[in-house]
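Please open the model in your viewer and keep the selection panel at hand. The stops below are arranged so that each selection leads on to the next.

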Protein chains: 2
Amino acid sequence: MSNYRDDQIIQFAEAFKALSNPNRLRMFLHLITCCVPGTVGSFDAEAGVSACVGDLGRDLDIVPSTVSHHIKELHRAGLIRMERRGQKIECWVDPVILRSLARFFDEPLT
Amino acid sequence: MSNYRDDQIIQFAEAFKALSNPNRLRMFLHLITCCVPGTVGSFDAEAGVSACVGDLGRDLDIVPSTVSHHIKELHRAGLIRMERRGQKIECWVDPVILRSLARFFDEPLT
DNA sequence: AATAAATTTCGATATTATTCGAATTATCGA
DNA sequence: TCGATAATTCGAATAATATCGAAATTTATT
């Protein structure tokens, strides 16, 4: 039937579950648009381009502990990577899974 | 930030929610691979190529009422279309949303 | 009209998810 | 070392989801 193994299907389902929450999806889009996938945003406080946990929760009307929880979910699903830089923890989108998700929907059309 | 309006983000989140259940994702993949998106599968019982509700539940170890529920979810999320043909109800993938989902992940990479 | 096949609806239950607030940990700067 | 900032952990309340089985509906066949 499908070209994917069952464990791959499970993995895709996990990714979609992570993106099924509107707030998590907004965070993911924030990361996608604020910096080139695979890289953390440059630290320009003026331009407001950044990607730490606190920034991702801004404009979302949820408390920090909830933001933290959501980011952990995105990370568990393999969508983002995280790294501590001083007090802040930087996040960025994993370009590999982004590519595989694009192919997931693109392949059947080509 | 993102290129999408908030109502579009909500709509994407709905689509991802529908695909977040492994059984629903398998059904979706079944539809994608059994027939060209936008068309129902040809009715060749020999080849086993078809896309009615009963067929989608086969090999999935879930009862018909659960299959029906899942298909309704896929339909509510706008992922598939359905049409009655006699006793059976045929399903096929909506090519428009498939394209928009592909772009969702493809755009940031290009 | 009666039966069979395909699907849906409904109600129930068990599991999982969302979000909060309080308390805790980690790091930086004075 | 103290205080401030950033983030996490934990427990709890509420809401949503997945799945089943029984009963009902729709369509085709005899």
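Predicted model: local features only at pLDDT ≥ 70, side-chain atom pairs only at ≥ 80, totals over all residues.

Residues are numbered from 1 along each chain as its sequence is written, and chains are lettered from A and ligands numbered from 1 in the order in which they are written.

**Chains A and B**

The same surface serves both copies, since 100% of the contact residues of chain A recur in chain B.

Next, select the residues in contact between the chains, that is, those whose C-beta atoms, placed from the backbone, lie within 7 Å. The selection holds 28 residues of chain A and 28 residues of chain B. On the side of chain A that touches chain B, helix H1 (6-18), helix H2 (22-34) and helix H5 (95-106) each supply at least two residues; helices (H or I, at least four residues) and strands (E, at least two) are DSSP runs, numbered from the N terminus. H2(A) gives the most to this side, with seven residues. Colouring by class shows 19 nonpolar, five polar and four charged residues on it, where Ala, Val, Leu, Ile, Met, Phe, Trp, Tyr, Cys and Pro count as nonpolar, Asp, Glu, Lys and Arg as charged, and the others, Gly among them, as polar.

**H1(A) against H2(B)**

Now show H1(A) together with helix H2 (residues 22-34) of chain B, which pack at an angle of about 110° with their axes 9 Å apart. Axes here are lines fitted to C-alpha atoms, for helices over the stretch in contact, and angles run from 0 to 180 degrees between N-to-C directions. H1(A) and H2(B) are therefore roughly perpendicular to each other, a label given to angles of 65 to 115 degrees. To see the contact, select A:Ile9, A:Ile10, A:Phe12 and A:Ala13 on H1(A), and B:Pro22, B:Leu25, B:Arg26 and B:Leu29 on H2(B). These residues divide into seven nonpolar, no polar and one charged.

Two or more residues come from each of helix H3 (53-57), helix H4 (64-76) and strand E2 (88-93) of chain A, together with helix H4 (64-76) of chain B. H4(A) gives the most to this surface, with six residues, and the surface as a whole has seven nonpolar, twelve polar and five charged residues.

Finally, select the surroundings of DNA strand C, where 23 residues are found and the closest are A:Gly86, B:Cys52, B:Gly54, B:Ser65 and B:Ser68. Here H4(B) gives the most, with six residues, and the classes are seven nonpolar, twelve polar and four charged.

Note on methods. Contact = placed C-beta atoms within 7 Å. Parallel < 35°, antiparallel > 145°, perpendicular 65-115°, else oblique. Near = placed C-beta within 6 Å.
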